[in-house]
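Me: I have not looked at this structure before. Could you take me through some helix packing and the ligand surroundings?

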Amino acid sequence: MKILLASSEVYPFSKTGGLADMVGALGRALVKAGHEVIIVTPLYRGIQAKYPALKKVDWEFDLPLGWRRIKAGLWELKRRREATIYFVDQPGYFDRAGIYLENNLSYADNAERYIFFSKCVVNLARYLPWRPDVVHVHDWQVALVPVLMAHEKGAGWGNPPPACLTIHNLAYQGIFPGEAFELTDLPLEYFQPGAVEYFGMLNCLKGGIAYADLITTVSPRYAREICTEELGCGLDGLLRQRQDRLIGILNGVDYSEWNTNKNKHLPKAYTVGRLAGKQVNKLELQKQLGLPVSEAIPLFGTISRLAEQKGVDIQLGALAEMLNTNMQFVILGSGSPEYERGYRDLARRFPDKVSVTIGYDETLAHRIEAGCDFFLMPSRFEPCGLNQMYSLRYGTIPVVRATGGLDDSVVDWTQNAAQATGIKFFDYSARSLARAIRKSLVLYNQTELFKQCQKNAMKADFSWDKTVEEYLKAYQSIQGLK
Ligand code: ADP
Ligand code: GLC
């Protein structure tokens with residue numbers, strides 16, 4: 001099959017979160033399964049310098065955007081055993097210090113930037129000599145693609161391929177003032193509640209949900225949750241209407257990136273059969289972060305965007321209580337300034353127990369995954385979550401709230417002691433999380449049980465081979481629909 005993927009971020013070229021990991025890995029897995037894949041993504045600042053093998057494609061975009069026309073170039077990166085990447089080169093939009101924001105402020109022209117990018121995707125899907133069998137777009141930034149394709153079908157594009165939309169996070173919908181609709185150049189009939197209109201505003205994700213031939217989300221449980229009022233973020237009604245076209249597919253893990261055996265980021269390699277190396281990583285991490293170095297002190301970690309979704313408020317509450325016991329906590333993250341301040345305050349209160357690193361650091365992320373005994377992920381909601389799956393492979397017991405992909409990927413110690421891979425809690429409250437941390441400390445002290453749990457975790461298999469089969473089946477289900 002020929003698959004055109006489009007995403008506003010793709011690892012290793014750009015990344016703010018799991019979306020980049022997922023799209024990069026999906027591309028690789030599809031190629032490994034024998035398919036042809038092109039991934040379209042913006043050419044952000046720094047990519048060209050880092051990848052000198054980029055080649056200019058003989059292609060120029062010159063597309064309407066409201067009352068103007070905007071030009072852009074196209075660059076290509078061919079890689080062995082990997083998807084080909086097409087980078088849309090529009091310096092005014094993409095040669096910037098950030099991807100979506102700078103100094104915690106979203107760029108004021110994000111509607112313009114990503115509507116233009118979506119139009120480039122449609123232009124490629126329609127006119128590339130390489131004809132895709134399916135166009136698969138990810139999140140609100142490219143969610144207008146299925147709408148634009150549907151419109152072009154009526155405007156001379158006889159037989160467009162089917163479009164699949166993956167929702168990685170329903171909380172981000174790309175909602176802009178109604179005037180932004182003009183940038184789409186679609187006829188006014190699309191600005192109505194059955195399409196992109198949402199209380200007088202433009203809602204990009206809503207358009208995608210209404211028009212995609214298939215909607216997927218990144219775990220089966222989240223696919224059910226978004227059809228409820230509680231987690232439907234205002235779109236549950238539409239999602240229920242489209243439920244026959246909505247499926248949940250749990251993300252895979254790219255084990256060639258996230259492994260403990262051949263990993264340039266880790267001080268010491270280890271495997272499920274040679275777990276002793278994990279302790280070396282723990283001691284090195286404590287040393288690196290300036291904490292008392294001791295095998296005996298249970299070490300908890302978190303790596304996260306510091307956003308409401310991630311359960312920061314209950315984590316700060318639970319830790320304030322639990323740090324009075326014998327434990328250490330390390331966090332790597334960045335996001336909302338008030339949450340950053342919250343963690344810094346915690347470190348000031350417990351200087352010999354807490355280490356806070358504000359920023360983005362890939363090497364430290366691997367070292368935290370490897371060096372900790374437990375990984376805390378108390379999300380309010382979590383479409384899939386990748387860090388808990390990375391933790392499993394690293395033998396770091398995830399302590400998670402039972403929501404979305406966290407619930408789908410972790411086996412709880414209380415519910416099934418023999419096959420347990422982690423600890424779950426249910427209520428969204430600091431008390432409930434504190435209880436789960438206390439439970440972790442009990443498990444830590446039962447050395448044999450703890451080791452068994454680590455081994456179960458490391459053996460759990462979330463490889464892409466399985467996930468990619470589900471995507472292929474999904475793509476096949478929409479072939480010939482048109
Ligand atoms: P989300 O996409 O909602 O942020 P995921 O768990 O799916 O959550 O993916 C997060 C990804 O981003 C993981 O690869 C994680 O390691 C990475 N990440 C998040 N924050 C940081 C950070 N501060 N430094 C390095 N990596 C980070
Ligand atoms: C989103 C979600 C996260 C998911 C990731 C990749 O960022 O918040 O749960 O793992 O996308 O699909």
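Me: How are α4 and α5 oriented to each other: roughly parallel, roughly antiparallel, roughly perpendicular or oblique?
Reply: Keep in mind that this is a predicted model. Helix α4 covers residues 110-127 and helix α5 covers residues 145-154. They pack at an angle of about 50°, with their axes 9 Å apart. Angles under 35 degrees count as roughly parallel and 65 to 115 as roughly perpendicular. The two helices α4 and α5 are therefore oblique.

Me: Is the crossing of α4 and α5 left-handed or right-handed?
Reply: The pair packs with axes 9 Å apart. The crossing of α4 and α5 is right-handed.

Me: What classes of residue make the contact of α4 with α5?
Reply: From α4 come S118, K119, V121, V122 and R126. From α5 come V145, L148, M149 and E152. By class, they are five nonpolar, one polar and three charged.

Me: How are α9 and α12 oriented to each other?
Reply: Helix α9 spans residues 276-288, and helix α12 spans residues 362-371. Their axes are 8 Å apart, at an angle of about 125°. Roughly perpendicular ends at 115 degrees, and roughly antiparallel needs over 145. So α9 and α12 are oblique.

Me: Is the crossing of α9 and α12 left-handed or right-handed, and which residues of α12 are in the contact?
Reply: The crossing of α9 and α12 is left-handed. On the α9 side, the contact uses K278, N281, K282, L285 and Q288. The contact as a whole has four nonpolar, three polar and four charged residues. The α12 residues are L364, R367, I368, E369, A370 and G371.

Me: Which residues come nearest to ligand 1?
Reply: Around ligand 1 there are 22 residues. The nearest are G18, D21, R305, K310 and G359.

Me: How far is a polar backbone atom of L386 from an oxygen atom of ligand 1?
Reply: Take two other pairs to begin with. The side chain of K310 has an N or O atom 2.7 Å from an oxygen atom of ligand 1. G359 uses a backbone N or O atom, 2.7 Å from a nitrogen atom of ligand 1. For L386, the distance is 2.9 Å.

Me: How far is an N or O atom in the side chain of E382 from an oxygen atom of ligand 2?
Reply: Ligand 2 is surrounded by 13 residues, and E382 is one of the closest, along with H168, N251, C384 and G385. A polar backbone atom of C384 is 3.0 Å from an oxygen atom of ligand 2. For the side chain of N169, the value is 3.4 Å. For E382, it is 2.4 Å.

Methods: Residues numbered from 1 in each chain as written. Chains lettered and ligands numbered in written order. Predicted model: local features only at pLDDT ≥ 70, side-chain atom pairs only at ≥ 80, totals over all residues. Heavy atoms only, no water. Axes fitted to C-alpha atoms, helices over the stretch in contact; angles between N-to-C directions. Helix = DSSP H or I, 4+ residues; strand = E, 2+ residues; numbered from the N terminus. Left-handed = near helix turned anticlockwise from the far one by under 90°. Contact = heavy atoms within 4.5 Å. Nonpolar A, V, L, I, M, F, W, Y, C, P; charged D, E, K, R; others polar. Near = heavy atom within 4 Å. Polar contact = N/O pair within 3.5 Å; in protein donor to acceptor, adjacent residues only side chain to side chain.
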